[in-house]
Amino acid sequence: MSQPSFKTISVRQLTGAMGAEISGVDLSGELTDEQFEEIRTALFTYGVIGFRDQTLTFDAHQAFAKRFGTLEVHPIVNSLDGYPEIIKMHKPAGTPASFGVGWHTDNSFFEKPSLGSIVYGEVIPPVGGDTLFSNQQLAYETLSAGMKETLERLTAIHSANDAYTSPTALEKYDSDGPISYKHSDIIAQSVEHPVVIRHPVTSRKALYVNSMFTDRIKGWTREESLPLIEFLCKHAVREDFQCRFRWEKGSVAMWDNRMVQHAGLNDCEQYERTLYRVTVNGGALS
Ligand code: CO
């Protein structure tokens, strides 16, 4: 990837494939336009950006997110009381992680999938609970010319139905547990997105198929689609496309769903973990 230079922030790339940690900026303060533009450039270059030692009130968290666009109110996942645009991702000690576990792209079952999420860490286990990211532009670029040509003609059908009717999802509906869901018509709907998308800002192409929400290839049966989807989902998360974000109290991570897949890990059952997520609305993909 080409390496932009930055004047107002320090940027350290995380792996050869992707990801960066940014220092020298206080996200709770007024960012200058130049700082914000550099943060945005870093996001669209590295796919995920992390910040350490931040202190964000709910209002400051939302204010930072709003610089990227309008904020999403999730149609299924209930929000924090008084803050319809903030999801509290709370895992009490002694319970397994059951939200965002496994590789996926957030909300690819929307007509206009989320641009990205900004997550703030409040209570972090002493070990475990990292988030993995995988660069879907590299995933596309490393396919053969023949496969690229085939995929560029294909459209995929995405749906929340499987993910939001699984046994661990069903117990969240109308519950008073730490993360709760409400019923929504969107669960039964399906939407179409190209299998290869073009980033709306950088124009770089990326693979856009994920095992949580991609149901089948348009015009193909599910049985015909599965071998191709399984191949693409395995390829999409090759080790050399990835980076891993280790959370700390006060860490903030933001990722671009048009560039990356991510996966939460269920490896800290004995510990509490509390993160707050604000998600920015995206546009239609092409
Ligand atoms: Co997610």
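# Burial, metal site and open space in a predicted model

The structure holds zero disulfides, a disulfide being a pair of cysteine sulfur atoms within 2.5 Å. This is a predicted model, in which local features need pLDDT of at least 70 and side-chain atom pairs count only at pLDDT 80 or more, while totals for chains, interfaces and linings use all residues. Residues are numbered from 1 along each chain as its sequence is written, and side-chain values use heavy atoms, with hydrogens and water left out.

User: How far is the sulfur of cysteine 268 from the closest cysteine sulfur?

Analyst: Cysteine 268 counts as buried because its relative accessibility is 1%, where buried means under 20% relative accessible area, exposed over 50% and partly exposed in between (1.4 Å probe, protein chains only). Cysteine 243 likewise counts as buried, at 3% relative accessibility. The closest sulfur to that of cysteine 268 belongs to cysteine 243, and it is too far for a bond, at 18 Å.

User: Which residues coordinate the cobalt ion?

Analyst: Donors are N, O and S atoms within 2.8 Å of the metal (3.2 Å for Na, K and Ca), and water is not among the atoms, so sites may look incomplete. Along the chain, the donors of the cobalt ion follow the spacing H-x1-D-x155-H, and both histidine 104 and aspartate 106 are buried. At 2.1 Å, the coordinating residues are His104 (NE2), Asp106 (OD) and His262 (NE2).

User: Is asparagine 107 buried or exposed?

Analyst: Asparagine 107 lies in the loop between β4 and β5, with strands (E, at least two residues) and helices (H or I, at least four) taken as DSSP runs numbered from the N terminus. Its phi is positive, about 55 degrees, although the residue is not a glycine. With a relative accessible area of 3%, asparagine 107 is buried.

User: What is the relative accessible area of aspartate 53?

Analyst: Aspartate 53 sits in the loop between β3 (48-51) and α2. Its phi is near 55 degrees, a positive value in a residue other than glycine. Aspartate 53 is exposed because its relative accessible area is 64%.

User: Which residues lie nearest the centre of the largest pocket?

Analyst: On a 1 Å grid over the protein atoms alone, a pocket is an open set of points with protein on both sides within 12 Å along at least five of seven lines, whereas a cavity is a set where a 1.4 Å probe fits but cannot get out; lining residues have an atom within 4 Å of a point. The largest pocket has a volume of about 780 Å³, a volume being the space filled by probe spheres set on grid points that are joined across faces, edges and corners. The elements that give two or more residues to its lining are β4 (87-91), α5 (167-170), β14 (260-264) and β15 (273-280). Of the 40 lining residues, those nearest the centre are Ser98, Phe99, Gly100, Val101 and Ile179.

User: How many residues of the lining of the largest pocket are charged?

Analyst: Asp, Glu, Lys and Arg count as charged, Ala, Val, Leu, Ile, Met, Phe, Trp, Tyr, Cys and Pro as nonpolar, and the others, Gly among them, as polar. On that division the lining of the largest pocket has 20 nonpolar residues and 14 polar ones, and the number charged is six.

User: Which element gives the largest share of the lining of the largest cavity?

Analyst: The structure holds one cavity of 30 Å³ or more, and about 50 Å³ of space lies in the largest cavity. Its lining includes Glu72, His74, Arg277, Val278 and Thr279, and divides into five nonpolar, three polar and three charged residues. The largest share, three residues, comes from β15.

User: What separates the C-alpha atoms of leucine 115 and threonine 95?

Analyst: Leucine 115 is in the loop between β4 and β5, and is buried, with a relative accessible area of 10%. Leaving aside neighbours within four places in sequence, its contacts (heavy atoms within 4.5 Å) include Phe68, Trp255 and Val280. Leucine 115 and threonine 95 are 20 residues apart along the chain, and the separation of their C-alpha atoms is 30 Å.

User: Which helix holds glutamine 137?

Analyst: Glutamine 137 counts as buried because its relative accessibility is 1%. Beyond its neighbours within four places in sequence, glutamine 137 is in contact with His199, Thr202, Arg204, Lys205, Ala206 and Met259. The helix, residues 136-141, is α3.
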